[in-house]
Amino acid sequence: MSGALEYLVILAVLSAAVVFVTWPLRIAAVGRRPGERSELDERSSLDELEAAREAKYRELRDAELDHLTGKLSDDDYEALDHSLRGEAIEILHGLDRELAREREDDSATIDPA
Amino acid sequence: MALIGRALLLMCLGAAVYGIGASVYGARRGRREWTISGRRAVYALAAMATLAFAILEDAFYRNDFSFNVVAGSSSTTTPTFYKLAAAWSTQQGSLLLWVFLLSLWSSLILFLVRNRAREITAYATAVLLGFMGFFTALAVFWANPFATSATPPAEGAGLDPLLVHPSMMIHPPMLYSGYTLLTIPFAFAIGALVTGRLGAEWIALTRRFALAAWLFLGIGILLGARWSYTELGWGGYWAWDPVENAALMPWLCITAFIHSIMIQEKRGMLKVWNVSLVLGAGFLSILGTFLVRSGILDSIHAFGASTLGVPFVILLAVMATAAIGLILWRREQLRSEARLDSLLSREAVFLLQNMVLVAMVFVIFWITFFPLISQALTGTKVSVGPPAFKPFVVPLALILVLLSGIGPIIAWRRVTVANLRRNFTLPVLGGLAVLIWLLLVPGGPSSRPFALILFALAGFVLVSVFQELWRGTAARRAMTHDIVPVAFVGLIRRNRRRYGGYIVHAGLAVLLIGVAASSSFQHSQDVFLAPGQKASVDGYTIRYVRPTESISPEKIAMGAVLNVTKGGKHVTTVTTTRNFYPSQNPTDGLVGRFFDTTDSDSEVGLHSNLRRDIWAVIDVDPTHLAPLINQANSLFAAFAPQVMTKAAKLPPAQAQQAVNTLWTERDLAVSEIARRFVTHPWASEFLLIVDPMVIWLWLGALIIAGGGLIALWPVPSLARRRAATAASAPSPARQPAPSPRVRVREPV
């Protein structure tokens, strides 16, 4: 490959990389509404609750499997299952509250104009 | 092409620096477009690193000796298969491999979590780019793989013969994949600490990558052990070499993490412990790379020695300071949400197992670094060697095996006496049966208490895992009425993490049976044999039948055919060779360079079955050929200049013919001298080993890898749910409205 062609390839790769990496900034500069809030902090609370919900579901499934394979007696399983379901419901209520808050925020930031 | 390669490395460095800035700025200011731009910098870096790595591989493939790394570690006679692997045998190529692999894994996780945990992910992106930037900077400023020479040699130096082994194609990329994957949970843990979001979220994001790191690193370690066993010619698979230990330490650490995160997920406990483990594993992975690449400790991996020590020490210091500082800063949020309900629970077993694993890491770390510590304190480098490890590691390994059997059969939170009796009776009986059987076997392992205990414990583990699989299958059959094989497969498919883990435990038991048997009951002999002579090892008669010799452009191989018999009956025939590679040392002489022992290596003669390995290696001493070699050297030293002088005066075609004739004569002389090993054989040194049950080690490794893959594979229902969520987005948070009744679909 000749020297000139090598420089052309380098220029092309560099240009493509710059356009690709900075594209979200261009889009945001065009589409951002004044005063619009970031989604970072809102999503994070939801993500935490979703992770907790998945972990609790997994714990419920594990408890049931432990019971079926004889590692938990009927009484122990019933007590454990009851308490886990209670914890799961608390997480689901938390998720409900977060989603409701997000919906309120969404409607509040709609630009009437 | 080298120019493009150098430019790509600089662009990678630029992308890393920009991406760090964009991610941190976006996270601090809550500007999502900047965090996305930072993530895109990782994708761009991955694309450029891939291109750069492809250019380097292409240079090796084309024998482009203008690249210094190609000239230094490949040649026209290197087989294509090994030319491609030669890239990571060099310092420069391995640094580029690090950047390439880390950028690919980072791109994968950032793509998978692009709509989740955005704040944590933004900081994790910056940390990952920090690692990529560091290794790219090393490649740019310290060891550039695209450095070229204005006057390239006509032929390269060739690949280090010790690296000419099939596992070298896979072993380093596996280890490096493990090391690079370990930085992903490290980065997300840092992100969680910075943002203070220390719940189950960051663990859910990175658990699978931690498991992948564990799997890749484990496979890499075992491939290295296999290479050591079949290539190095010392008769073992594990030498407690610093570089081996460097890979083992993060593997032990991440093994502990994989278990203890289950406690955090279920109970909100051990948050400090988990964060410390994952940060420790990340730290140890960089330390491992440092040990391979710096050469600060004497190692069989001396081909990796270099002067990259200072930048690595700075990086390690920054990592340690940041990790400790962040943990202290967030100590309040890292408090446990619950306490242990009972010391007889799976949580307690996991905790104890974690402590054993961490104790192992401390022991290995201390003994590995003892030469440096002693040098720092006393000025004298004291090496303690492999015997120092065993008194500590063996008892800890025994406790670990016991716990790996208890873990699967004990329940979370609490157990009752009735449940204990129901779950432990069969496994304990299994272990006792093995113990009694071995004690009663005449000539059994009763003289080796550690091995005896390990065999009994392995029996306990195998029965406990079998019992769990059987009971799970029976439970599933009761629900689905499937036949046993279908119920078994269905059980594993729906509970991959749990049963994949149990299979790993069974594999560990099988592997340790192999380790205990082969290390406790090995018989070996170091003997000198001439053709026709024989030696006896552990009841086997090994006879040196005849010498062998072969010459190829890459090497001269001198070996022996050995016949193995027991009680007069033929068992097997094995062949072992010693390979001599042409040296570049001019003082060896024109003929002597083909018999240089500096880079010589062995091919092991191996007969393997479930009961034992018969292992043999020959060490041919070519000094017996010294008089002939010296004579030929003198002859050609006088003759060659005359031919060259004469050739310089001839037309090019005739000159070439004259030089070719000279080299043909030289090759004939080399061939005739080498043939003396067959026509006038002399006694050679042999290391002969009869080693029981070594193959169990490799079988155990395969079972572990299989269990790891099962645990790693995505659960079908989760995969479907994720796909459905993505398809119905505006936001993945919008799950169906939660019902007060919690239902869990098809639990078994």
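The legends below describe close-up views of a predicted model. In this predicted model, local features need pLDDT of at least 70 and side-chain atom pairs count only at pLDDT 80 or more, while totals for chains, interfaces and linings use all residues. Residues are numbered from 1 along each chain as its sequence is written, and chains are lettered from A and ligands numbered from 1 in the order in which they are written.

**View 1. The contact between chain A and chain B.** Chain A contributes 50 residues and chain B 53 residues; two residues are in contact if their C-beta atoms, placed from the backbone, lie within 7 Å. On the side of chain A that touches chain B, α1 (3–31), α2 (40–68) and α3 (74–108) of chain A each supply at least two residues. The largest share, 21 residues, comes from α2(A). Helices (H or I, at least four residues) and strands (E, at least two) are DSSP runs, numbered from the N terminus. By class, this side of chain A holds 27 nonpolar, six polar and 17 charged residues. Here Ala, Val, Leu, Ile, Met, Phe, Trp, Tyr, Cys and Pro count as nonpolar, Asp, Glu, Lys and Arg as charged, and the others, Gly among them, as polar.

**View 2. Domain 1 and domain 4 of chain B.** Chain B is divided into domain 1 (1–164), domain 2 (166–181 + 196–388), domain 3 (417–521) and domain 4 (523–696), with bounds from an automatic or database domain assignment. The C-alpha centres of domains 1 and 4 of chain B lie 40 Å apart. Four residues of domain 1 of chain B touch seven residues of domain 4 of chain B. The domain 1 side of this contact has three nonpolar, one polar and no charged residues.

**View 3. The four-stranded sheet of chain B.** The strands form an open antiparallel sheet in the order β1-β9-β8-β7 (chain B); two strands pair if DSSP finds at least two bridges between them. β1 (523–529) and β7 (605–608) of chain B are at the edges with a single partner strand each, so one side of each has no neighbour in the sheet. Strands β8 (residues 612–619) and β9 (residues 684–692) of chain B run antiparallel and are joined by eight bridges. B:Ala616 is placed opposite B:Leu688 in β9(B).

View 4. Strands β4 (residues 556–566) and β5 (residues 569–580) of chain B share 11 bridges, and B:Met558 stands opposite B:Arg578 in β5(B).

View 5. B:Trp98 lies in helix α5 (residues 91–112) of chain B. B:Trp98 is buried, with 25 other C-beta atoms within 10 Å; buried means 20 or more such atoms, exposed 12 or fewer, and partly exposed in between. Leaving aside neighbours within four places in sequence, B:Trp98 is in contact with B:Phe135, B:Tyr176, B:Thr180 and B:Thr289.
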